[in-house]
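Hello,

Please find the structure we discussed below. My notes on it come after.

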Amino acid sequence: MLKLLELPDCFYPNQPTLIFPSSPTPKHSLYLSNLDDQKFLRFSIKYLYLFKNSISPDILKYSLSKVLVHYYPLAGRLRASTEVDQKLEIDCNGEGAVFAEAFMDITAEEFLELSMKPNKSWRKLLYRVEAQSFLDIPPLVVQVTNLRCGGMIVCTSINHCVCDGIGTSQFLHAWAHIITKPNLDPLIVPLHNRHMLKPRNPPKTTFTHPEYVRIAPRENSYLDMGINHFLQSQPLVPSSITFTPSHILHLKRQCIPSLKCTTFEVLASHTWRSWVRALDLSPSLNVKLLFSVNVRKKLIPEVPQGYYGNGFVLGCAQTCAKDLVISNMNYGVRLVQQAKSSLTDDYVRSMIDLLEDKSVKTDLSMSLVISQWSRLGLEDLDFGEGKPLHMGPLTSDIYCLFLPIVGDFDAVRVQVSVPESVHDKFEYYMNECLGKEANGDAKGSLVEENGFC
């Protein structure tokens with residue numbers, strides 16, 4: 001296996017600083033919906049952008065202070081609710097976002113050669129805030145790293161309880177908009193109010209929700225069960241495989257009988273099946289695929305434009321491992337489609353009500369989790385010197401990401417960390433249907449043969 005190159009250390013010419021909103025902002029407590037403050041989301045989304053040319057740090061800081069006037073909760077602090085046990089809220093106090101400037105002795109071209117598979121040394125590209133708990137870390141942390149060639153890497157850490165992927169993309173584009181079009185109003189006015197996703201009174205859980213499991217207080221941790229425990233106990237290796245439009249079309253042709261499906265549906269099914277095959281699970285084991293679905297337009301009334309809180313839920317496809325493995329692509333795709341179609345307004349409202357019970361947790365024990373970043377416009381971010389050469393996560397995890405490919409809207413990069421012991425098998429199964437070499441090379445030729453994978 002190719003040895004991953006370690007990045008050199010960052011040099012910080014100055015201490016990180018706090019960036020405050022450039023004009024006074026409302027001071028209040030912001031309610032977080034049950035979708036926002038799930039324990040499953042108590043982490044920060046860490047984006048990495050590589051640009052050919054750098055932007056003056058003063059311009060970036062000034063524009064950030066301007067955009068924080070509109071997105072002022074990102075300049076606040078998370079805290080435990082004073083009214084509801086185990087619930088979070090945002091103290092909109094204007095304490096500011098963290099901004100760090102750094103230099104790294106590497107070129108954009110050199111970094112681009114590494115960009116397909118993150119490694120732990122990439123964490124140097126985001127300033128680590130020393131904090132006693134998750135709540136003590138500011139919701140927004142930014143590091144701008146200038147490179148030897150004149151390029152720059154921008155890393156952002158945005159608390160997932162505050163924003164989902166659509167919301168973070170909206171915020172980042174608003175920041176760039178202030179730099180490139182300083183005399184124009186924001187394209188989208190952010191909507192802060194989360195009460196439209198408040199549970200009903202009294203709560204009414206009218207559906208069975210396989211995405212969640214209720215944990216008895218005596219159980220130490222719901223993460224200590226099943227596949228998730230196995231994954232967490234193993235040395236993990238990132239896998240990153242690019243699927244071109246031709247590859248995706250070829251995957252769709254594996255649905256026998258023919259089935260109309262989206263790129264996400266066929267890739268999710270294929271990745272889930274390859275993951276289960278690689279882990280060599282017991283044939284009778286019930287396995288789940290959890291995947292993010294934007295429900296802004298599924299709710300009645302629809303969530304208004306500008307809502308940047310968490311407006312997604314997890315769809316859940318499930319089956320026994322044997323049925324998933326021995327069947328062709330059609331079987332898994334239908335399970336994904338059925339899970340998506342079940343996410344009606346009634347179903348989502350029932351889910352929100354269910355989450356009033358704080359003993360309910362996302363069921364990660366036998367699940368692969370997929371988050372789609374490939375249709376959020378993240379790869380189009382432009383601070384005035386052109387779109388990024390690369391966009392992706394700062395680190396790789398056991399959660400699978402579908403990532404955009406800069407310059408190819410219809411291609412998707414699938415990235416997930418798997419145990420080192422099954423890494424080669426996983427990539428073999430991911431590439432097998434396409435006739436690609438089993439070494440993770442995304443440029444392998446297609447095999448235009450009919451038949452099952």
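This is a predicted model: local features need pLDDT of at least 70, side-chain atom pairs count only at pLDDT 80 or more; totals for chains, interfaces and linings use all residues.

Residues are numbered from 1 along each chain as its sequence is written, and side-chain values use heavy atoms, with hydrogens and water left out.

Aromatic pairs: the whole structure has 14 (ring centres of Phe, Tyr or Trp, the latter by its six-membered ring, within 6.5 Å; planes under 30 degrees apart are stacked, over 60 edge-to-face, the rest tilted). Tyr 71 and Tyr 308 make an edge-to-face pair, with 5.2 Å between centres and 70 degrees between planes. Tyr 71 is in the loop between helix 1 (57-70) and strand 4 (77-80) and Tyr 308 in the loop between strand 11 (286-294) and strand 12 (312-320), so the pair ties together parts 237 residues apart in sequence (helices, H or I, of at least four residues and strands, E, of at least two are DSSP runs numbered from the N terminus). Tyr 71 and Tyr 308 also belong to one aromatic cluster with Tyr 49, Phe 51, Phe 171, Trp 175 and Phe 383.

Charges over rings (NZ of Lys or CZ of Arg within 6 Å of the ring centre and within 35 degrees of the ring normal): Arg 194 lies over Tyr 307 at 5.9 Å from the ring centre, and Lys 198 over Tyr 31 at 5.3 Å.

Helices: Ile 248, Leu 251 and Lys 252 of helix 5 meet Thr 263, Val 266, Leu 267 and His 270 of helix 6 (heavy atoms within 4.5 Å).

Regards
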